[in-house]
Amino acid sequence: MIDNRKMRVECAVLRHVEMPLKFRFRTSFGETGVKKFLLLELRGEGISGWGECVAEEGPFYSPETLSTALPILAEYLLPLILGKAVASPSAFDEAAKRVRGNRMAKAAVECALQDMLARASGVPLGRALGGTREAIEVGVSLGISPTVQDTVENVRKHVAQGYRRIKLKIEPGRDFDRLAAVREAFPDVTLTVDANAAYTLADAGTLRSFDAFRLDYMEQPLHHEDVVAHAELAKTLKTPICLDESIRSAAGASAAIALGACKVINIKIGRVGGHAEAVRIHDVARAAGVPVWCGGMLEAGIGRAHNVAIASLPGFSKPGDTSSSSRYFEEDIVTPALEATDGLMPVPTGPGTGVTIRPDVLGRVTTAIQEFRA
Ligand code: OSB
Ligand code: MG
């Protein structure tokens, strides 16, 4: 990573943003129809760097929420960089270690610094992080549908759009029947499931029955804190396990791999605290022969562009959840639009994330603005 340039951050602008989703997204932990997030702009030396905080409204996917990220940013994280002469991403990453947890808040700052530094250096962020791909392979994450028939139709629509992997959200009671119907209708599609921790070891029989569907992997079947239980479960399944919620650091990733708890890892920049930790997880996984892929949090353009940048690293060898922005939103806050064709999304080639804010659109979806200075 290039990190030799020291940036001076003069001002931070935090926008509260609300964007209606084109579909209601239902998981085992809840349902949403509006994407609410904090958008961070760091300004200094005539450049802006942008980061999207992926904390959600409620503490259901992660303990962090919009209303916990705000004071952590204002009171602990932004003061580490505002007015300081050494606001490089790695200096921030190091200084922010004193703050435990709160990784989504940290990632928003680290992403904005990474974007700012790459822009100042005139290089694409993906390349600055070690990325080698010109385009990334993408799949879709499909929420839990009301019926088996709706599920099959939704899969049909996305297979026709060329997505390279279909991931179905599942929960106890809305799993086997849907999988059976989808696998029968699409014998060759690359298929996965994501339970968001909705099962226990008592459900091992049900989870084992999914072996018949030749899933590429099963994502986070068990409790987010129980890596050992995943290792136990793995012994009884043919289907490989992929961990999402359980992996928050490179140390945790190494431990999970050593325990046999996962054969695949979903990396989300927000969940792990920024690009630097995402790269470290990528590196330990790659050294262990464990493929990774980039997850999603229904991001708008800035968060999506950061996802595309990290997914350009070589170890991201499975299709991720970074599907086309137009699937989610009528209009996005950045240009060029982040769109996949035939399941391939080009990695922007401009400096930083390679996307530019559309001030008119951003103005329409911003509900509040706060400014922070040293
Ligand atoms: O578990 O991967 C998840 C969205 C919000 C919270 C958790 C998850 C998801 C998704 C959506 O699966 C992925 C996307 O389309 O951005
Ligand atoms: Mg997941």
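Which pocket is the space taken by ligand 1? In this predicted model, that space is the largest pocket.

Ligand 1 has 17 residues around it, and the closest are Ser141, Lys169, Asn196, Leu298 and Tyr328. Several polar approaches to ligand 1 can be followed atom by atom. Lys268 places a polar side-chain atom 3.0 Å from an oxygen atom of ligand 1, and a polar side-chain atom of Asp244 is found 3.1 Å from an oxygen atom of the ligand. Met297 takes part through its backbone, with an N or O atom 3.4 Å from an oxygen atom of ligand 1. On its own, ligand 1 would expose 390 Å², and 99% of that area is buried by the protein.

The magnesium ion, ligand 2, is coordinated by Asp194 (OD), Glu219 (OE) and Asp244 (OD), at 2.1 to 2.2 Å. Along the sequence, these donor residues follow the spacing D-x24-E-x24-D. Glu219 and Asp244 are 25 residues apart and link distant parts of the chain: Glu219 belongs to strand S8 (residues 218–219), while Asp244 sits in the loop between strand S9 (241–243) and helix H9 (250–259). Both Glu219 and Asp244 are buried.

Is Asn196 buried or exposed? Asn196 counts as buried because its relative accessibility is 7%, and the cut-off for buried is under 20%.

Gln220 is another residue other than glycine with a positive phi, here near 40°. The loop between S8 and helix H8 (227–236) contains Gln220. With a relative accessibility of 0%, Gln220 therefore counts as buried.

A further backbone detail concerns a proline. The peptide bond that runs from Thr335 to Pro336 is cis, and its omega is near -5°. Pro336 lies in the loop that joins strand S12 (334–335) and strand S13 (344–346).

Notes:
Residues are numbered from 1 along each chain as its sequence is written. Chains are lettered from A and ligands numbered from 1 in the order in which they are written. This is a predicted model: local features need pLDDT of at least 70, side-chain atom pairs count only at pLDDT 80 or more; totals for chains, interfaces and linings use all residues. Side-chain values use heavy atoms; hydrogens and water are left out. Donors are N, O and S atoms within 2.8 Å of the metal (3.2 Å for Na, K and Ca); water is not among the atoms, so sites may look incomplete. Helices (H or I, at least four residues) and strands (E, at least two) are DSSP runs, numbered from the N terminus. Buried means under 20% relative accessible area, exposed over 50%, partly exposed in between (1.4 Å probe, protein chains only). A residue is near a molecule or strand if one of its heavy atoms lies within 4 Å of it. A polar contact is a pair of N or O atoms within 3.5 Å; within protein, one must be able to donate a hydrogen and the other to accept it, and residues adjacent in sequence count only if both atoms are side-chain atoms. Accessible areas come from the Shrake-Rupley method with a 1.4 Å probe; for residues, only the protein chains shown count as cover. On a 1 Å grid over the protein atoms alone, a cavity is a set of points where a 1.4 Å probe fits but cannot get out, and a pocket is an open set with protein on both sides within 12 Å along at least five of seven lines; lining residues have an atom within 4 Å of a point. A molecule sits in a cavity or pocket if more than half of its atoms lie within 2 Å of its grid points.
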